[in-house]
Amino acid sequence: MYYLQGQTMETIARHLQISRSSVSRLLAHAREVGLVRISVSASPGLKGTLAGQIADLFGVQVSVVPVHDVHTEVNRLHNVALVAAEHLVDMLFPGVTLGIAWGNTTAEVTRAMPHVSFPGSAVVQLNGAATATESGMPYAEAIIARAAKCIGGRIVNFPVPAFFDYADTKTALWRERSVRSVLSTIDNADVALFGVGSMSARLPSHVYSGGFLDPNEIAAAQNDGVVGDVCTVLIREDGSTNMSLNERASGPCPATLKKIPRRLCVVSGASKALPLLGALRAGVATDLVLDDAAAHELLDLVHTRMAARRSYI
């Protein structure tokens, strides 16, 4: 009556002999359980738009979410997550394997996901979450479990550290059958969901605020040109990841990520633009959802770098 016939809540309330607030609650419930889904088609003409410019530069599908400047960083992330969640569900299908990298952004996206069942699906954790002082698993498990519940899929956890103390330990553990099984599931994933971590974001990235790296390691990474991370793999502005610290990282490197056919990167806030530039240059994303502030800052960075290069030449 509301979505297809265009009737007002007042008319529906009178017809069903219930209150208008009850109609509103029923409509909200219908969206929460996936009975009703609302999708917004991409504009047929993206040329010259923020999304179009980013798509042309990096060869990705882009959705730019307008967010008022008065919003806090938390509200900004929530608005971006609402769009990203719908975009993510549109990528899924029965039997899909969805890989998710834990983080503030993916946590918010999974909270916003509608309940749409995909029989035979699975949700796999892309990177480890343990630290030297705690398992880290409850945080990561909550993200994976929420997504699995929303799509009716099984859970594949990855109970290893985010960063190993020694690269040799990682190499040895990667030979274990139980770990190889998870790695194989990641390699054969159909869709990946991840954000980008920033060393200087207004909303601190969990990798740098959660004790996964000590201050000396963070300082050394910054001196090496690291601007952030993707799936806890540290990345420079030029998209390179070749560094000793990444030999201890449990997350998938860009080459592994690029084996996954659809890869949704979600970014909120202008302070994430620099690590996003590195991620896009590494080619880890096929789809990108970001807010307009991050989009403007990303394009400004690209144009500034291009102008600097021309003046140097």
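In what order do the seven strands of the open sheet stand, and is their pairing parallel or antiparallel? I looked that up before anything else. The order is 1-10-9-5-2-3-4, and the pairing is parallel. Strand 1 (61-65) and strand 4 (154-156) are at the edges with a single partner strand each, so one side of each has no neighbour in the sheet. On average, neighbouring strands here are turned by 15 degrees against each other, direction ignored.

Two strands pair if DSSP finds at least two bridges between them. Axes are lines fitted to C-alpha atoms, for helices over the stretch in contact, and angles run from 0 to 180 degrees between N-to-C directions.

Before going on, I noted that this is a predicted model, where local features need pLDDT of at least 70, side-chain atom pairs count only at pLDDT 80 or more, and totals for chains, interfaces and linings use all residues. Residues are numbered from 1 along each chain as its sequence is written, and side-chain values use heavy atoms, with hydrogens and water left out.

Strand 3 (residues 122-125) pairs with strand 4 over three bridges, in the parallel sense. Ala122 has Arg154 in strand 4 as its bridge partner. Helix 8 (residues 177-187) packs on the sheet and touches strand 2 (97-100), strand 3 and strand 4; contact means heavy atoms within 4.5 Å. The direction of helix 8 makes about 115 degrees with that of strand 3.

Then the domains, whose bounds come from an automatic or database domain assignment. The chain splits into domain 1 (1-38) and domain 2 (44-311). Their C-alpha centres lie 36 Å apart, and six residues of domain 1 are in contact with six of domain 2.

I found 14 lining residues, with Arg31, Leu82, Glu86, Ala112 and Pro114 nearest its centre. Helix 2 (20-32), helix 4 (73-91) and helix 5 (104-112) each give two or more residues to this lining. Helix 2 has the largest share, four residues.

Key:
On a 1 Å grid over the protein atoms alone, a cavity is a set of points where a 1.4 Å probe fits but cannot get out, and a pocket is an open set with protein on both sides within 12 Å along at least five of seven lines; lining residues have an atom within 4 Å of a point.
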